[in-house]
Amino acid sequence: MYASRIGLEIHIQLLTESKIFCGCRAAFGDEPNTNVCPVCMGYPGVLPSLNGEAMRMAYQVALALNCTPTPHTRFARKNYFYPDLPKNYQISQFGAPIGTDGYLDIEFHGKTRRVRISECHLEEDAGKMVHAGDMSLLDYNRAGTPLLEIVTEPDLEIAEEAEVLLMQLRRMVRYLGVCDGNMEEGSMRCDANVSVAPEGAPLGNKVEIKNLNSSRFVRKALAYETDRQTDILERGGTVTVETRLWNENRDQSEPMRTKELAHDYRYFPEPDLPVVEADEAFLATLKASQVELPQARMARLRQAYDLGDRVVELLCDEKETADFFEAVIQEGADASTVATWLTSDVRKLLNRHSVSLADSPLSPARLARLLSLLQASRIHGKIAKQTLEAVFELDRDPEEIIQEKGWEQIVDPAALADLAAAVVADNPDAVSAVRAGNARPLGFLVGEAMKRSAGRAEPRALQQALKTALSVEPLYVLDFGGAIGGERRPDGMVQAGALRDLTDMLASEPDLPDSIRFEAIPLGGFLSEEITPGDWAQLVAAIRERMEESSSGVVVSHGTDTLAYTAALLGWCFPNPPVPVVLTAAVQPEQAPAVMRSAVQAAIELPPAVHVALTDGVYPAVNLRFERVDTASARFRTWNEEYHRPDQWPGFSLPDVPAEELAERFDAAMQQVHIARIYPGMRSESLVRLMDAGFTAFVLELYDTGTANLGHSPFGLRAAFEEARRRGVRIYCTSQQEGVVDFQSYVTGHALWREGAVPMGSLTTESAYTRLIAAMVCGDDIDEAFAGMEHRGSTTDG
Amino acid sequence: MAEPGIRASGYEIKEHVVQADWKTVLNTADTVSEYGATVDARNGELEAFLEFRSPAPEDPGEGPLAGLPVAVKDNIAVRDFRLTCGSKLLEQFESPYDATAVAQLKEAGARIVGKTSLDEFGMGSATDTSTLSATRNPWDLSRTAGGSSGGSAAAVASGMVPVALGSDTGGSVRQPASFCGVYGLKPTYGAVSRFGLVAYASSLDTIGVVADTPQRLESVFSVIAGSDEKDQTSVDIRSMQVRETPGLKALTVGVLAPDTADDPAVQQAVRDVETYLQSQGANTERVNLPVLEYAAAVYYTIATAEAGANLARFDGVRYGERPLYAENPDELVRLSRSTGLGDEVKLRILLGTYVLRSGFHDQYYGRAQRLRARISRDMQDLFTRVDVLVSPVFPTLAFPLGSDGLTPYQRKQADRYTTVANLAGVPALALPTGVYDGLPGGVQLTGPKGGDFGLIRLAKVLAGVFPPPTPPNYPRVWS
Ligand SMILES: [Zn+2]
């Protein structure tokens, strides 16, 4: 078993007005060699003059990284010849850097890891050399830009952690306003050192990796390097101490030419600059002006506004968004509503218009006004979205827009009651059908009333007004196949497709309130083992639609075999439904009346959430396990009940797309995900073949708390993991037993984690699988899907 | 009617301009042309100027230095003048900016008339390491004017300018001033901004003044002394707490016992000053400076270490002479340096690289830094006991040029009297005491940090007794 140690050297370009040692503008993208002067061009006789702003920013970062600030910091010359380095020495720091001994806590796969920062030091950047044909061209615009180098201890173990560290650091420096953190444009650059050694042995030989110009390269290059070193060690070889360059075109690293390595930098104190004193007063001013850092802000927002982690993370990713969020709340809006709008519709519109929040026509006051219109029911949800779009297009106030467009709704209860009464009077047939127990014509009546109001009646209030007028409570029953909706053939076999009228079945139930009216909606005559992606898409679309229309609840009849999957899927897709959604199932058609009754009861009585109602009780949707106890009976129970905390795994919000597109998304997602179970004799190769076949994510059932054969034989999974990392394929791990997979307990588990396996904690395979499907359906791309999948509501379970 | 004139080195000077004020020399077309012709003739023999530009006649206007012609050593930037540093590599390089000291001189009304010769990048003590010219001593053309500010000293001593800027890293203002019989001040480190002085050894470099009289030296130094935001190592010595140099009667003078191996004239000069000061009631005491033994070694270790980095920028990439074609950037740099830089410069760069290289850093550079700290401390201690130190400037008078002179090693060892002031960052002033067998001699006054004006005041007093000598072939035309 091998352990890897990774340390990073990160350079961040400080966003000062002028360069570090002269008055030239520190700007990018200008004509080459326009932001230069004798000082930054290294002309004879010039001297550096240290920029106080750069010092302040450098100390700010050092403090934010919990470093001990150096009271007397000084500069040194680092000597090496390179044409883009005007003086052929770089003014840097050696021995007395800005700050030392700090740390940054990073969060990855539910674990918090403290990465020590050995030092932060300030230095000047070089220019750029470009080779064009047989010429070498030099641009010195960048020469003399202040750079802060942040050096970590080798506390990271795997490539993905390095990527997370970079993302967190990027967010931090953007909050501080000292760097834009753009790796592609070089304002944040990363070199790494990697050493692999047998578990428990001292640090192995160190290899430096340079040229990691994006966080994606960092992940790829470091994964490549840990694999490479492990391979060498496993074959009995020795890792050469060297510097390697990441070649992004070939997806591999190559040794740097030795000529480029023979550096003796001959550091000595920079005689042109005095020792700079960072006294108490200076540090106190800095601390006082320090902005709230991302982690602190996330914690505060989570607590102050009772928001979920995913939302908080989206809100706090950019300081601008978090500031905007709080400004809208200052205007009196409800926090969770603001959060929802900002993280969904507003975000989409910003992307569509390619503007930042600050540059968009949406101000906190405008969003607050829009939400207050919505809250006062002067507009409904769809109109609100339309109005938001109009704000972006017209740059006008929401109030003005809805008035001008005539989008304001009718919310006055008296007016709506009149409307309902008129419709009831004019449609006696439909009314009598509803009163007789059929909910279906209710939709027709709502539509009629809506037509008469020219589409301006507030739908919920209108529904309510109609229900009041008719004295009915509609409940939708979606028949999603299974024995419950099927028929027993004379030969005793259960056959799907012969749909029974559940309405009839329930109408005669004496225990149900008189006002309940049903509408049974058949979604397909199949047994639950026959579910296809299209069926799930249809079910999700139907629930979404009925939730909007219905007022009391949605009941879904289902087969038992796959209930645990569908229930979890609905749990992930509808984390906050407006009405209860209740699934139910019966093993035998004969049990149907009883379970249906309990389901309807649950839909009337339980709070809005996805529930599973069975003959023996009500269960939460996620983490159900179906077990057959004997030939006659089967039961459901909650897996890992003791450890499973629903709030650990937040759900997703469905994209606002038509049913057909939803079906496409389900189809695409389910084509990419495979469930695999490890077993003695399983070959790594089989997983690799599945990757070849196009699967991009696996739910892998391990043993116990997450163990597996990780050896290098054909039966060890290492090769599969290496291949997965190389391809960006994710492997989500659950357990065959009732074990919490956290990779904490065994060395092999930890090694799996190091190889990139993502632990799914207490989740069942069914829940993990459907979570992944939901994440993919709800995410706009695979990265967002994986991020959503891995996002934990709470990190306290370790 | 032919006017009577004085023969000066083959050029007839008209009687009416003789002894005219320096400040009038650039007033009219006539005076300017007289001036230009005088300089041309004298410089032809001395090669003190690398570049001379007779300025357009102009009313002197206001300012403490109004109309005063000033020469500037060619390692100090003057806008639109060349800045060759005596190096082939920079032979055609024109400065796009003014050094702070130069800007201050211009502001005060002075007129920059030319750039004076030097050892390449200030590395030498005879103004003979430059590939561009070799300056001769106005007292004896076969001898050196000293170095590295030999051009500035010769220009002042020969009456071509009343005052010139030089640079002093290890004695480069004081030794040539002494060799040529003029006044030379190396100020407190940082007292004059180094911005625009091409760095040789940044922690030792100072811009100094070479002048014909201590009064002139004072007026020019007053203009250029002060802190500068472009040089963050600069200090305002006027705001420093320095003990007032008392009048002669209350003065305590340390006298460094001259080495018996020094030239007898050198020993004589020190004794002359010592005797005079005693006669005026000053307290004199003979002092020993044990650190003197290490001064030259420490100086050359630190100076070359810094020089190696400072001269790295001269690579032919952005400016300077470079080959017409190179295979790649590396070769361009290698060719530019190997053909552009002289032997002494290469030697010092190699030495500097050697003393800093990994594994030997502490043994050489580290040790030199520790000794330097010791020297500073010893000097600080000394100036708690004495107001001023009188010492030789250099072990010899102006030595012959070429092979008759000192070997490079002897020259370096001979820098021990002057380098101490640079290592300790204290001010030192060389002043003439007379002519010894046809060559000028003098002493060095060294004071505590910030004591520059005190040294100048003492020099003014001594000038009454030891008047500045004039080389017989270069009589003063303006005064
Ligand atoms: Zn610049």
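Which side chain does A:D656 meet in a salt bridge? In this predicted model, the partner of A:D656 is A:K385, with 3.8 Å from N to O. The legends below begin with this pair and then turn to other views.

View 1. The salt bridge between A:D656 and A:K385 links distant parts of the chain, since A:D656 lies in the loop between strand 26 (634-638) and helix 20 (659-672) of chain A, whereas A:K385 belongs to helix 10 of chain A, 271 residues apart. A:K385 also forms a salt bridge with A:D345, where the closest N and O atoms are 3.9 Å apart. This second pair likewise brings together distant parts of the chain, with A:K385 in helix 10 (residues 381-394) and A:D345 in helix 8 (residues 335-353) of chain A, 40 residues apart. In general terms, side chains of opposite charge can pair when their charged atoms come close.

**View 2. A salt-bridge network in chain A and a buried pair in chain B.** In chain A, salt bridges that share partners join A:E292, A:R297, A:R300, A:K319, A:D323 and A:E326 into one network. In chain B, the side chains of B:D212 and B:R216 meet in a salt bridge, with 2.9 Å from N to O, and both B:D212 and B:R216 are buried. Over all chains, the count comes to 72 salt bridges.

**View 3. The zinc site of chain A.** Four cysteines supply the protein donors of the zinc ion, namely the SG atoms of A:C22, A:C24, A:C37 and A:C40, which lie 2.3 to 2.4 Å from the ion. The angles among the four donor atoms run from 99 to 114°, and the site is tetrahedral.

**View 4. The surroundings of B:R243.** B:R243 is placed in the loop between helix 5 (214-224) and strand 11 (252-256) of chain B, and at 49% relative accessibility B:R243 counts as partly exposed. Leaving aside neighbours within four places in sequence, B:R243 is in contact with B:F383, B:T384, B:V386 and B:D387. For one of these, B:F383, the C-alpha atom is separated by 9.8 Å from that of B:R243, although the two residues are 140 residues apart along the chain.

**View 5. The fold of chain A as a whole.** Chain A has 25 helices and 30 strands, and its C-alpha trace spans about 100 × 70 × 55 Å along the principal axes. Of the 798 residues in chain A, 55% are buried. Among the contacts in chain A between residues at least 6 apart in sequence, 73% join residues at least 24 apart. The accessible surface of chain A comes to about 32700 Å², and 50% of this surface belongs to carbon and sulfur atoms.

**View 6. Confidence in the predicted chains.** Chain A averages a pLDDT of 87, and 92% of its residues score at least 70. Within chain A, confidence is highest in strand 10 (residues 146-152), at a mean of 98, and lowest in strand 19 (residues 494-495), at 54. Over residues 794-798 of chain A the pLDDT stays under 50, and the model has twelve contacts beyond four places in sequence for this stretch. The mean pLDDT of chain B is 92, with 96% of its residues reaching 70 or more; over residues 1-11 of chain B, however, the pLDDT is below 50, and this stretch has 23 contacts in the model beyond near neighbours in sequence. Where pLDDT is low, the predicted coordinates should not be read in detail. For the complex, the predictor gives an ipTM of 0.94 and a pTM of 0.81.

Terms used:
Residues numbered from 1 in each chain as written. Chains lettered and ligands numbered in written order. Predicted model: local features only at pLDDT ≥ 70, side-chain atom pairs only at ≥ 80, totals over all residues. Heavy atoms only, no water. pLDDT = per-residue confidence, 0-100. Helix = DSSP H or I, 4+ residues; strand = E, 2+ residues; numbered from the N terminus. Contact = heavy atoms within 4.5 Å. Salt bridge = Lys/Arg side-chain N within 4 Å of Asp/Glu carboxyl O. Buried < 20%, exposed > 50% of the residue type's maximum accessible area, 1.4 Å probe, protein only. Donors = N, O, S within 2.8 Å, 3.2 Å for Na, K, Ca; no water. Tetrahedral: all angles 85-135°; square planar, octahedral: opposite > 155°, others 65-115°. Areas by Shrake-Rupley, 256 points an atom, 1.4 Å probe, with all protein chains shown as cover.
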